[in-house]
Every structure is written in C-alpha cells, then in structure tokens.
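Visitor: I would like to know what stands behind the labels used for this structure. Please give the value and the cut-off each time.

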Amino acid sequence: MNAVSIINQSQTSHALQNKNSVLELVAAAYKAHRVNPEQTPRSHFLRFADRPADRIIALLSRFKNSTGRDYAGVKWVSSFPANLESGRPRAFASIVLNDMQTGYPVAFIAASPINAARTAASAALAADSIYRTRGNGPGSIGLIGAGYIGVSILDYLHHLGLSAPVAVHDNDPVRAAELTHSIGVTQTLGLEQALDSDLVVFATTAQAPFVSRPFRDGQVVLHVSLRDLEPSVLLDAQNIVDDAEHAVREGTSLQLASSEVGHLDFINGTIPELLAGEVSLDNRPVIVSPFGLGILDIAAAVHVLDNTAHPAIVDFF
C-alpha cells in the first residue's frame, strides 16, 4: 500500500507561520529556478467560454530542498471572482506532491495559504531588495485590491521592516472599510491617492488595464495582479519579472507592452537576478510583475509536508 498524507488548510497555515522560513524557501526556489528553469514549465490555463471571468490554472515544478528531499508536484488553483459577492474566497488551491524516487503521490495539500504566502513573500523580497539598494524605504504604501493576497503582502512587507501609512482602494467600499478597520490602516476610496504612494501594491482581479498615468521617479510598484497597467506605464518604467517566458503571455500588461513595441528590451531583469544583486536600477520608477512560478508552490508544499506533525494518512493504493 502507498500511504498518502492529507493536509488541510488549517495545518498548511500553521506550517507557514514562520515568515523567515517562508522567505528563505522562496529565495531558495528562485535560486533553483535560475539554475534549472526547465524544471518549471509554463503554467496552463483552463478557461470557460460561458464563464469568461473564471479560470483554473495548473502550475508544475520539481524542487529538491537543502536536506535532499526531492519532489515534483502540481498546484491546481481556481479563480472565480463572483465568489466574493457571496462572501466566499475568490480562489482556492490544492497541491499534489510526488516522490521523485518512485513517482508515487505522497501528499495532497490544501494550498490556498501557500498561494498567499509565496506570492506575498516574493513581492516583499523584491521590494526589500530594491529599497536596500536605494538605501531608503517607503514613506507611504498604497494597496489597490483589499483581498487576501493584498493583506498577505502588507504583512510580509511589515515583517521585512517596510512599514508606512497605508492607503487602501477597492472597487467595493465595504471591503475596503472592513480591511482598514481590521488592520488599522488609513482608508481611501480614491484610486489616485493610492497611486501617489511611494510603494504601490496591485492585488486586484482586473482582466484589463485601468491605470494609464505614469509613475514618478522613486516609486516602487508591486504589480502582482499583472493586468492593471496600460503598456505605456510599463514602457516609462524599469521592469522586473520573475521569468519573462512565463510572464509575457496570457494577456498580461507585459504581453500588451511587448506586442506594442515588438521586443522585451523594456524588461531590466528578473527577481532571481535582483535578489542576487545583479540588476542595475536608477531612480526611475520600478515595476515588479511576478507571474508566479510553480517552483515557489512546490518548495512551499515540501516545507508544509516536513512541518506538519500529524497529517491524515490514507492508503491510496
């Protein structure tokens, strides 16, 4: 019989409580991706003609951690924005891990906390690297999109010492008010005030660009939701991606900008290069657009498996 661990969402969240560990594993995953990018193929999108706002994405990768534990896996993550109208989470993720010795599945993991933690850690690490290089920090933060991912990014920014007054904008004023009340930040219902912040975080469900104004010198933009900015905004800035092959596709602002100019020269570097101190940046605005690499998810899933004391065990076959 093959024993498989079943790890629920509460257990996953508990295993990811140590933010330093999450930041370390995300940095290690980026380093591994730089060495062997072929281990992380491009993600696959399942779309629906009768439900154009909804999608399910498969992200695949292989990751060997520092102790030699070697796994491959897939994250299967749904995004159904209409869930928010009924008070349910927009997205849900699950991960299957396979042992690379046998190919057998060894774990099924409720992975929405992984999705949030690795996304937030990735964005925060990039921002921290930029501000360390510049020798300063943000005097204000603007969060556009008052959801789970946005809150997680604020949490990781704060953990890394990037704290400042926060202005929140969301198309739903009730959600914005609930968020500002729960985390004690400064509320604004105006997009322009959030866009004026030193550090701007986009964590929306936008399907098409809605921001056309350029950013000013010195601003740092974490463009996590990827489809918020008109091409001209990107072309007027310095751009960092996690991996251009992954990010310049699927209707992202990066793809629109690339189609407009016919090249990728507007991309200044990658997050792995940024973390290694190999990206040269000046004081012009910097836009970080992380598409989300499967290796981050699998690295986090291995960490969760190693740090869950009592998963449910089933004999799968």
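Guide: Strands here are DSSP runs of E of at least two residues, numbered from the N terminus. The model is a predicted one. Gln238 has its place in strand β12, residues 238-241.

Visitor: Why is Gln238 called buried?

Guide: Buried means under 20% relative accessible area. Gln238 has a relative accessible area of 1%, so Gln238 is buried.

Visitor: What makes the pairing of the Gln238 and Asp282 side chains a polar contact?

Guide: A polar contact needs a pair of N or O atoms within 3.5 Å, one able to donate a hydrogen and the other to accept it. The side chains of Gln238 and Asp282 are joined at 2.9 Å. A polar atom of the Gln238 side chain also lies 2.9 Å from the backbone oxygen of Arg284.

Visitor: Which residues does Gln238 touch, not counting those up to four places away in sequence?

Guide: Contact means heavy atoms within 4.5 Å. Gln238 touches Arg134, Asn268, Ser280, Leu281, Asp282, Asn283, Arg284, Pro285, Val286 and Ile287.

Visitor: Why is Pro214 called partly exposed?

Guide: Exposed is over 50% and buried under 20%, with partly exposed in between. Pro214 has a relative accessible area of 46%, so Pro214 is partly exposed. Pro214 lies in the loop between β10 (199-202) and β11 (220-223).

Visitor: Why does Leu154 count as buried?

Guide: Leu154 has 11% relative accessibility, and the cut-off is under 20%, so Leu154 counts as buried. Leu154 is in helix α4, residues 148-159. Leu154 and Ala58 are 26 Å apart in space, C-alpha to C-alpha, and 96 residues apart in sequence.

Visitor: What makes up the contact of α3 with α11?

Guide: Ile114, Asn115, Arg118 and Ser122 come from α3, and Leu296, Asp297, Ala300, Ala301 and Val304 from α11. By class, five of these residues are nonpolar, two polar and two charged.

Visitor: How do you know that Asp297 is buried?

Guide: Asp297 has 0% relative accessibility, and buried means under 20%, so Asp297 counts as buried. Asp297 is found in helix α11. Leaving aside neighbours within four places in sequence, Asp297 is in contact with Leu59, Lys75, Ile95, Ile114, Asn115 and Arg118.

Visitor: Why is α2 called oblique to α11?

Guide: The axes of helix α2 (residues 19-35) and α11 cross at roughly 135° and come within 9 Å. The angle lies between the limits of 115 and 145, so α2 is oblique to α11. α2 passes α11 in a right-handed crossing.

Visitor: Which residues make the contact of α2 with α11, and how many are charged?

Guide: From α2 there are Ser21, Leu25, Val26, Ala29, Tyr30, Ala32 and His33, and from α11 Ile295, Leu296, Ala299, Ala300 and His303. By class, nine are nonpolar, three polar and no residue is charged.

Technical notes:
Residues are numbered from 1 along each chain as its sequence is written. This is a predicted model: local features need pLDDT of at least 70, side-chain atom pairs count only at pLDDT 80 or more; totals for chains, interfaces and linings use all residues. Side-chain values use heavy atoms; hydrogens and water are left out. Helices (H or I, at least four residues) and strands (E, at least two) are DSSP runs, numbered from the N terminus. Buried means under 20% relative accessible area, exposed over 50%, partly exposed in between (1.4 Å probe, protein chains only). Ala, Val, Leu, Ile, Met, Phe, Trp, Tyr, Cys and Pro count as nonpolar, Asp, Glu, Lys and Arg as charged, and the others, Gly among them, as polar. Axes are lines fitted to C-alpha atoms, for helices over the stretch in contact, and angles run from 0 to 180 degrees between N-to-C directions. Angles under 35 degrees count as roughly parallel, over 145 as roughly antiparallel, 65 to 115 as roughly perpendicular and the rest as oblique. A crossing is left-handed if the near helix is turned anticlockwise from the far one by less than a right angle, and right-handed if clockwise.
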